[in-house]
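Have the sequence and the 3D view open, and follow along topic by topic.

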Amino acid sequence: MANQRASRRALVIGSQCAALGRLSFLPQVAEDLAALLTDPRLGDCESALEPGPLLVDPSWTTMITAVQKAFRTANDSESTLVLALLGHGIANDEDFYFLPRNGTGSGSSYKDVFLSQLLKEELRNAAYLDGLLVLLDTCHAGVGAAQAAKWQEVGLGRHLRRYEMVTASADRPAYGGKVTKALIDVLRCGIPAAGTTIDARYLGDPLWQAAPDQRPQRITRDGGGWRQPGDEGLWWAHNAAHDVTANGAGALGAVRDRIVELTGHLQPTAILGDLVTAAETSPRVALVGPRGSGKSTLAAALARPETTRGRVPARFVQAIAFATRASTLADLAGTLAAQLEEAVPGFTDASHRYLRRLSSGEKQSLDALHQHVTGPLTLVAPPPAVRLVIDALDELPAATRSSLVHALTAADAELRLVVTARPDSPRPPGSHILSTAQASDDTITAYLHARGVAEGHRPTLVRHASGNWLHAHLLADRALRPGFDVATLPDDMRLTLTALYDDELLAAGAHDTSFWQSTLRPIIGVLAVAGAGPVLPLPLLVTASGHLHGPATTTQVRDALVSISGLVVRTQPGQPAEHVGLFHSSLAEDYLVRPDNGQFTVEPSEYHAALAEAIKELAPLDRQTLTDPLHQYALGAEAHHRWNAYRDSGAVIESLKGRSAGSAVNERELWHHWPAIFEATLGPEHAHTLTARANLAAATGMAGDWAAARDEFAELVPLYEQVLGREHPDTLRNRAIFAKVTGKAGDWAAARDQFAELLPIVENELGPKDPETLTVRSDLATWTGEAGNWAAARDQFAELLPLRTSVSGAKDPETLSVRSNLASSTGSAGNWAAARDQFAELLPVFENVLGPKDPATLNHRANLGNATGEADDPVTARAKFSELLPVYEEVLGPEHPDTLTARSNLAGWTGEAGDWPAARDQFAELLPVRQQVLGPEHPHTLYTRASLARANRHAGNPGAARDELARLVPVYEKVLGLDHPDTIIVRKNLDSLESAGLAN
C-alpha cells in the first residue's frame, strides 16, 4: 500500500476563442499546469484522456466530448477528477460560459460551453467518481462558481457529491493567467504549514496576493469559501515543502497531518508557555487534565512552533506520537523513529548500525522502542538533546503503557519526555505535573474568530462553551453551517455534550431514518468500535461498511465522511494510505455505544463483527505482511474485534497465534491482558484460559525473563494435568516448555531431570519417531551436557542422530542441528580431535544446504575453528578465524555480537599460538567496541577485560594484568554474583598473580 499512487485523473483545457483577443499566457501556462498535475511528486495524477492531459484550443464539440470522456474515465477507475479550464469566459446574466475555439461569446449554449450545467450533469451521472476539483481561470469565473454553489444535492437520494471549484475571479475580468501562475508556484514550492498535501484551504492568501483585484473564489459542496474545511481529500498536490512522496504514505505523513489538524486554529495560551518552561527545566513532564481540556492540541503545538506566536522555540520537539487504544509499542516506535530520522542528524545511520549490532536473542527480547528509538540514539555523536512527546498516555493498553514508560525512563539522561494524560492515570515516575487550565472567554472568542464565526454569534457560543475546548469545537462547527440561527440556542441552560452530538448528526442527515440506517450508521458505528483518532485504514472501513449494507465503495465512504467531517479525523485523506477515526473518544464512550444516551446509538457487537470480517477478507492470517497497514491494524485489533463480536475465545487465540508480532517482547504485549479476560469470563480451568497463560509465559521467557516464565509454568502444568490429564498432548507440550524454561533460568540439572521424566511418557503416547519425541530427546541431551555430563550428552546425541535422519532426512535443519550438537558435546566430553573432524565433515553440508554465507554456516565454521584450537592446533585455529572474520564483517556487520565473538576468538588463538603481544593488542582494540556495543558490564565485555589481563600476563606485563583483574573482580561479583563460575575463575587468577609475589 505504501508504494501505491493516489487514484487521480487530470484534464487541462487551454482555449483561445477566435472571436476574442489572443491570450498571451496560453498555451504555456496550461502546459506548465498539466505537467505539474501529472508529476508523481506533486499532482500525482494520470491523464484523463489517452492522448495526454492537455487539450489546446478545442472546438465546442471536441471540448464537450473531452470533458464527458474525462468524467467517464475517472468514474470507471473510481478516481478523483482534476479539471482545469484556462481561457476566455463570459457571464450572461446569471449564467457563465466557457468559450471554445469556435465559440461566439454571445452566451449561446449551442456554441459556447454552458459550464455549470455540463459539470452538474456529468457529476450527477458519475456515481463512482471520487470527487471533482475544478480550476477556472477566466474572466467572470465567479459567476460559474456561484452557479456551482446552488447545485446542492446532485446525486441520487441523499448522496452528496464531493466537489470543489477555485476561480480566478469573481464577476469581473481576469488577466494574464495570474491565478494559475501563482497556483503553480505555490504547489512547486510547497507550504510548510500544511500537512502531507495542499488543498484549497491553504491557497486563499497566495492567490489573493497574486490577483487582489480579481477576487479569486472558492466554492465547496456546502457553499463554503476559503475559510471552510471543505473536503480535505480533494487536494491539489503533495506538499513539496515536506518531500512527502518519499515518506508520505507512512508514519511520518500521518503524524504531520495530525499535528496540522490539531493546531489549525491554535490559540496560544499561558498554559502553553508554562508547559514549555516545565519541559525546559524538568526531564519528564506530565500535562494532565480532564477530557476536552485541550491536551492533545497543546502537545501538537510543541511540535509546530510556527503556530504559537513565539511561545514554543524552534525545533523544541524532535518527535511526537499520538497514542490510541489500538496503538502497540511497535506503532509508537515507528512513528517516533520516522521523525527522528528527519530531526536528528546521524540518526538514520545510527539506527542501521544499532540494528546490525543486535543478536537474534536481543531482537527477541528488546522492545521496539529500545530497538528503533532509544538504542540508536546512544550511537549518535555527539549525543543529541532529544525531547519526545507522547500524547494520550492513558489511552494505551496497560501492558503497552507500562513498557513505554519503562523504556523511556530507563533511557539516556539526554532524552527528555513530555506526556499528556487524564489526572487519575499512571504517568512516568518523577514527572513534573502540570495541570491544564480552563480556557478563558477571551481565548474561546479568539478561537471562534479564527474559525470564521460571525461576531454577533460569539458571545452566546462562548457562554455555552464554558471554557471547554471540546464544546467550543462543536459549537463552532454548528455556527458555520448555512442557515445557523443563534436564537435557536437555549438561554437558560448550557448545551450538553449529548445535545451537541445530536445536532451534529442531525445536520449530517441523520433525521432521515433511511439515510441514518443506510449511510451514516454503518460508518460511524464501525469508527466507534475502532477507537478514537485516525486508527482505521480506509479499506477496512469500506469493507466493514459494505458488510453492514452501508456505503461499499471508497467513493461512497468518502462522500459520507465529508458529511460528518466535524466528528472524524483523517490522515493522508484522498490517498491510498488514508486512515480514519472519530475525532474524540467521548463520541463513542459517552454517546454512540450508550443506549440510554442520545438519539443515535449503535450496538457495538455487530460493528466489531463487521470489522472482524473485513480483516479476515483484506488481511487474512495466511498472508500477513507486517509492513502492510491493514495487517498492522489487524495485529493489534483483530482479537479485540473477534472477542467483542462473538465472545469466541477460540477465534481470539487463532488470531493471536496466527499473526506474528515480530519479536517475543511484542508477542508478550499482545497476549498480556487475555489471560485475565478469559479467566473472568470462562473460568481459571478453561482450556483457552490455560492456552492464553501458556502463550504469555512462553513469550515472557523468550523476551528474556526465564525465571518468571518458569514460575508461571510451574503453576500451569499441574492445572493442565488436572484439567486435560497427564498424558494429553497439550499437557506434554507444556511440560516440555516448562523443562526448557527451567534450564534457561539457570537450573540445568532440574531441566535434565524434567526431560528425563517426560521422555518415556512422550515415547509411549506419541511414538519413538514422532517429531515432538525427538525434540524432547534432543533437549534431554542438551541439558544433560549443560548439567556437566558431556559424555552422556554425547552418547544421547549419537543415539538420536539415526532416528532424526530417518524421520527428517539427512539435510534437514533439525538433523544438521543434532550433528552439530553431537560434535560440540564430543569436544566438551574431552575428545576435541574427534569433534574437529565431525565439524569438518559437516561443514560442506551446511554450505550446500544453507549457503556459504548463511549465519548458521558461519557459526559452524567458528565451531570448527574453536575445536581445531582445542585439539592442540592453535596455529590452524588462528588461520581459520583470520579467514572467517572478514566474512562475518561482510554478512553481519563489524559490530554484530557474532562478529565481535569471532574477533575475540581470533585474539585468543593468536595468543595460544604463541604471539601474546599481538593477542594483547587485538583484545585492547576489541574492548572499547564491546563496551560501546554491549555496555561496560555485559558478560562478553567482562570476558574481554579478563582476556586482556591474561594476554598482558603472558606478554610479559603481569603488573598490568594484576591491576586489571583487581578492578575487574568487584564488577564480576556485582554483575554475575560471588559464586558464579566466571567470578571464581577471575578471583583465582588475581590470587595467583598476587601470591606469586608480583605486587611489587
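Where in the chain is the place of A392? A392 sits in the loop between β15 (386-391) and α15 (398-409). Please keep in mind that this is a predicted model.

**The chain as a whole**

- The chain has 43 helices and 20 strands.
- Taken along the principal axes, a box of roughly 110 × 60 × 60 Å is filled by the C-alpha atoms of the chain.
- Of the 1000 residues in the chain, 54% are buried.
- Take the contacts between residues at least 6 apart in sequence: 68% of them join residues at least 24 apart.

**Around A392**

- A392 counts as buried, because its relative accessibility is 13% and the cut-off for buried is under 20%.
- Leaving aside neighbours within four places in sequence, A392 is in contact with A323 and T420.
- R325 is 67 residues from A392 in sequence, yet the two are 9.4 Å apart in space, C-alpha to C-alpha.

- The structure holds eight aromatic pairs.
- One of them joins Y501 and Y591 in an edge-to-face arrangement, with 5.5 Å centre to centre and 65° between the planes.
- Y501 belongs to helix α19 (residues 497-510) and Y591 to helix α23 (residues 585-592), so this pair ties together parts that are 90 residues apart in sequence.
- Both tyrosines are buried: Y501 has a relative accessible area of 1%, and Y591 has a relative accessibility of 0%.
- Y501 and Y591 form one aromatic cluster together with F583.
- E504 is also placed in helix α19, and at 8% relative accessibility E504 counts as buried.
- Beyond its neighbours within four places in sequence, E504 is in contact with L474, D477, R478, R481, G566 and L567.

**Helices α9 and α10**

- Helix α9 (residues 270-281) packs with helix α10 (residues 295-302) at an angle of about 55°, and their axes are 11 Å apart.
- That angle makes α9 oblique to α10.
- The crossing in which α9 passes α10 is right-handed.
- On the α9 side, the contact is made by I271, L272, L275 and V276, while α10 brings L298, A301 and L302.
- What classes of residue make up the contact of α9 with α10? There are seven nonpolar residues, no polar ones and no charged ones.

**Helices α42 and α43**

- Helix α42 (residues 958-975) and helix α43 (residues 981-995) cross at roughly 145°, and their axes come within 9 Å.
- The crossing of α42 and α43 is left-handed.
- From α42, the residues that meet α43 are P958, A961, R962, L965, A966, L968, V969, Y972 and E973.
- Facing them from α43 are D982, T983, V986, R987, N989, L990, L993 and E994.
- By class, the contact of α42 with α43 divides into 10 nonpolar, two polar and five charged residues.

Terms used. Residues numbered from 1 in each chain as written. Predicted model: local features only at pLDDT ≥ 70, side-chain atom pairs only at ≥ 80, totals over all residues. Heavy atoms only, no water. Axes fitted to C-alpha atoms, helices over the stretch in contact; angles between N-to-C directions. Helix = DSSP H or I, 4+ residues; strand = E, 2+ residues; numbered from the N terminus. Parallel < 35°, antiparallel > 145°, perpendicular 65-115°, else oblique. Left-handed = near helix turned anticlockwise from the far one by under 90°. Contact = heavy atoms within 4.5 Å. Nonpolar A, V, L, I, M, F, W, Y, C, P; charged D, E, K, R; others polar. Phe/Tyr/Trp six-rings, centres within 6.5 Å; stacked < 30°, edge-to-face > 60°. Buried < 20%, exposed > 50% of the residue type's maximum accessible area, 1.4 Å probe, protein only.
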